[in-house]
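The following briefing is intended to be read alongside the sequence and the model.

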Amino acid sequence: MSTSTANGFAMTGTGGGHRPTTGSAYSEWGELDIPTVERIEHGRDIPGERVVRADVCVIGTGAGGAPVAKELAEGGMNVVMLEEGDRFTPDDFTARPREMSTLLYRDAAQVTTVGNVPIVLPLGKGVGGTSMINSGTCFRPPRAVLEMWGERFGLDNLNEPELDPYFRRVEREVSVAQVPAEIAGRNAEVVKRGADALGWSGDYIWRNARGCVGSGVCNFGCPTAAKQHVGQTYVPRAWAAGATTFAGAKAERILMRGTRATGVEARTSAGGLLRVECDTVIVACGAIHTPLFLAEQGLGRESGELGRNLAIHPATAVRALFDEEIDMARGVPQSYFIDEFADDGIMLEGAAGPPDYAAMSTPYAGAEHRDLMLQYRNLSQFGLMVSDLSRGKVRKRAGQVEIVYNLNDEDTATFKRGIERLCELYVAAGARTLFPPVAGVAELAPDDLGRLRDTDIRPRDLTLMAFHPLGTARADARPAHGVVDAELKLHGWEGIYVADGSVVPSSIGVNPQITIMALATRLAYGLLGKPAPEHEPQPETIAHPRITKPHALTA
Ligand SMILES: Cc1cc2nc3c(=O)[nH]c(=O)nc-3n(C[C@H](O)[C@H](O)[C@H](O)COP(=O)(O)OP(=O)(O)OC[C@H]3O[C@@H](n4cnc5c(N)ncnc54)[C@H](O)[C@@H]3O)c2cc1C
Ligand code: SF4
């Protein structure tokens with residue numbers, strides 16, 4: 001059996017069923033405090049040369065950049081944020097996936113890895129970074145993973161008690177709460193029914209959304225402003241504290257005097273040159289672009305680890321047809337999770353979506369595709385994410401970004417197990433036809449799971465995506481093994497820090513956005529010389545799933 005302790009940490013065991021932790025992660029959030037002051041300039045209006053002076057320049061305004069900028073600004077520093085993308089507001093969000101993919105994603109959401117299986121790896125581009133188009137899931141990293149970081153990377157300070165105040169602060173800033181069953185959607189309902197029938201542990205997901213109406217388009221910009229992404233929370237709070245954002249300004253190089261940073265030069269979207277003179281530079285371009293940005297200038301290469309160790313949490317989805325109506329377009333798309341197999345590196349998390357999203361992501365063509373889409377209302381889809389042991393690398397070849405990632409045998413086998421489990425769940429929930437994402441087994445009757453079990457799966461047989469690039473400028477206390485130290489300072493260089501997914505040194509087995517935000521918040525407190533935040537609210541339940549041993553420890 002699975003039980004929960006008073007603070008919500010689940011104990012080990014199998015066959016737990018729905019966990020008794022439902023309710024808000026925090027019982028009540030007060031009034032939403034979003035300042036109205038806007039301190040943003042647009043690169044399209046800067047065709048010539050412009051020089052500004054700041055204490056700190058933060059490059060990138062995503063899950064890492066925005067929190068560190070806001071905390072530093074509130075701590076009294078003069079902060080400039082540079083963002084390559086534009087700024088978008090809910091008025092821009094039409095809820096039409098095709099339009100939004102082009103507008104809000106880098107390269108129209110077509111970034112893909114090369115290797116033994118192509119994996120689509122979408123990245124957001126704009127004020128708020130990828131948090132603007134993410135699903136809003138908020139899990140703390142498992143304690144066991146943090147302990148492993150101490151043992152393997154010398155990151156003893158990044159332990160659970162030390163990080164707890166920063167997580168609490170982040171969770172308040174972005175209003176983390178558990179999805180109420182009423183808006184979780186029929187897709188989650190059928191999956192929960194299957195999990196309950198099998199006695200598998202699961203629960204409604206914790207998310208950063210307030211007043212969510214379950215419109216189902218989180219990945220294409222939340223049109224109701226319910227999702228509290230960092231471009232809508234941290235960035236305006238940074239503005240209120242005096243920081244300025246330059247959107248449409250792509251940082252091209254860090255200015256140096258010897259080993260010390262003295263500023264940043266950025267190219268504006270009008271072709272102008274923006275120079276920020278400052279003593280401290282925080283690189284937060286995300287785990288794909290941070291290592292490339294640093295490498296181009298010969299920074300952070302001493303350990304040989306820059307651009308390597310790329311973990312991505314590769315993911316896929318199983319689809320199933322039911323006799324009953326599900327209508328995936330209604331409800332929170334990612335509202336339920338199953339952590340029964342999390343210790344084995346398998347997290348099952350909802351991934352529903354509107355019809356055009358389903359049409360784009362369903363691996364069929366022609367008449368088959370048409371037939372399936374005509375039955376869209378009876379279609380369910382659920383995601384499966386692997387805490388990967390495979391590692392990739394990021395580099396530039398012929399001026400182009402190349403993300404090399406080969407799925408190893410162990411992760412391939414984990415996918416097979418996970419897909420089988422998800423199919424079993426759908427059978428238990430009463431599905432009439434199953435669609436595993438496996439070449440050669442595209443369609444299965446409920447009594448035909450043996451065909452899937454008997455199939456040898458190679459990486460290229462899988463249809464995969466990934467949403468969590470991590471580790472390419474990994475933190476390690478030892479300069480010979482990592483790119484930044486435990487305080488996220490670039491080993492061997494002065495005044496340069498990294499605050500984004502690239503510092504996270506391993507797969508964490510859960511969605512990483514609040515881990516990135518908490519590490520960025522801790523960096524700001526460190527730079528300000530402040531003790532950890534006090535008086536942050538204590539959650540009634542802690543938003544992380546049941547993982548008792550880090551799958552990645554065996555890597
Ligand atoms: C579809 C999708 C769903 C997801 N769902 C979840 C979820 O539910 N929960 C979760 O925890 N995580 C989720 N994630 C992942 C999460 O959003 C990311 O892990 C997180 O946003 C990464 O933060 P970051 O700071 O590393 O990078 P980003 O948030 O990507 O921010 C980097 C920013 O830097 C900018 N930039 C890059 N280069 C430059 C430059 N040279 N100059 C200026 N600016 C630059 C980029 O344009 C971007 O805005 C999801 C991701 C995707 C794609
Ligand atoms: S489901 Fe909720 S958070 Fe997602 S887009 Fe709709 S209203 Fe926004």
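**Nonpolar core**

In the largest nonpolar core, which has 168 residues, Cys57, Ile59, Val79, Ala238 and Val318 touch the most other members. H12 gives the most to this core, with nine residues. A nonpolar core is a set of buried Ala, Val, Leu, Ile, Met, Phe, Trp, Tyr and Cys residues joined through C-beta atoms within 7 Å. A residue is buried if 20 or more other C-beta atoms lie within 10 Å of its own, exposed if 12 or fewer, and partly exposed in between, with C-beta atoms placed from the backbone.

This is a predicted model, in which local features need pLDDT of at least 70, side-chain atom pairs count only at pLDDT 80 or more, and totals for chains, interfaces and linings use all residues. Residues are numbered from 1 along each chain as its sequence is written, while chains are lettered from A and ligands numbered from 1 in the order in which they are written.

- Ile59 touches Gly65, Leu82, Ala251, Val264, Val281, Ile282, Val283, Ala284 and Cys285, leaving aside residues up to four places away in sequence; two residues are in contact if their C-beta atoms, placed from the backbone, lie within 7 Å.

**Ligand surroundings**

- Ligand 1 is surrounded by 42 residues, of which Gly60, Gly62, Gly129, Asn511 and Gln513 are the closest; a residue is near a molecule if its C-beta atom, placed from the backbone, lies within 6 Å of it.
- At least two residues of the shell around ligand 1 come from each of strand E4 (79-83), strand E10 (249-257), helix H7 (286-296) and helix H12 (513-528).
- H7 gives the most to the shell around ligand 1, namely four residues.
- The shell around ligand 1 comprises 14 nonpolar, 23 polar and five charged residues; Ala, Val, Leu, Ile, Met, Phe, Trp, Tyr, Cys and Pro count as nonpolar, Asp, Glu, Lys and Arg as charged, and the others, Gly among them, as polar.
- Ligand 2 is surrounded by 14 residues, with Cys212, Ser215, Cys218, Cys222 and Lys227 the closest.
- The shell around ligand 2 has eight nonpolar, five polar and one charged residues.

**Helix H3**

- Val145, Leu146, Met148 and Trp149 are buried in helix H3 (residues 143-153).
- These residues lie on the same side of H3 because they cover an arc of only 155° around the axis, the arc being that of the directions from the helix axis to the C-beta atoms.
- Helix H4 (160-173) is included in what covers the buried residues of H3.
- Gly154, whose phi is positive, near 70°, follows H3.

**Overall form**

- The protein chain has twelve helices and 22 strands; helices (H or I, at least four residues) and strands (E, at least two) are DSSP runs, numbered from the N terminus.
- Buried residues account for 56% of the 555 residues in the protein chain.
- Along the principal axes, the C-alpha atoms of the protein chain fill a box of roughly 70 × 50 × 45 Å.
- Of the contacts in the protein chain between residues at least 6 apart in sequence, 76% join residues at least 24 apart.

**Positive phi values**

- Most residues other than glycine have a negative phi.
- Ala95 has a positive phi near 70° and lies in the loop between E4 and helix H2 (97-104).
- Ala95 counts as partly exposed because it has 17 C-beta neighbours inside 10 Å.
- Ala225 has a positive phi near 65° and lies in the loop between strand E8 (206-208) and helix H6 (234-240).
- Ala225 has 18 C-beta neighbours inside 10 Å and therefore counts as partly exposed.
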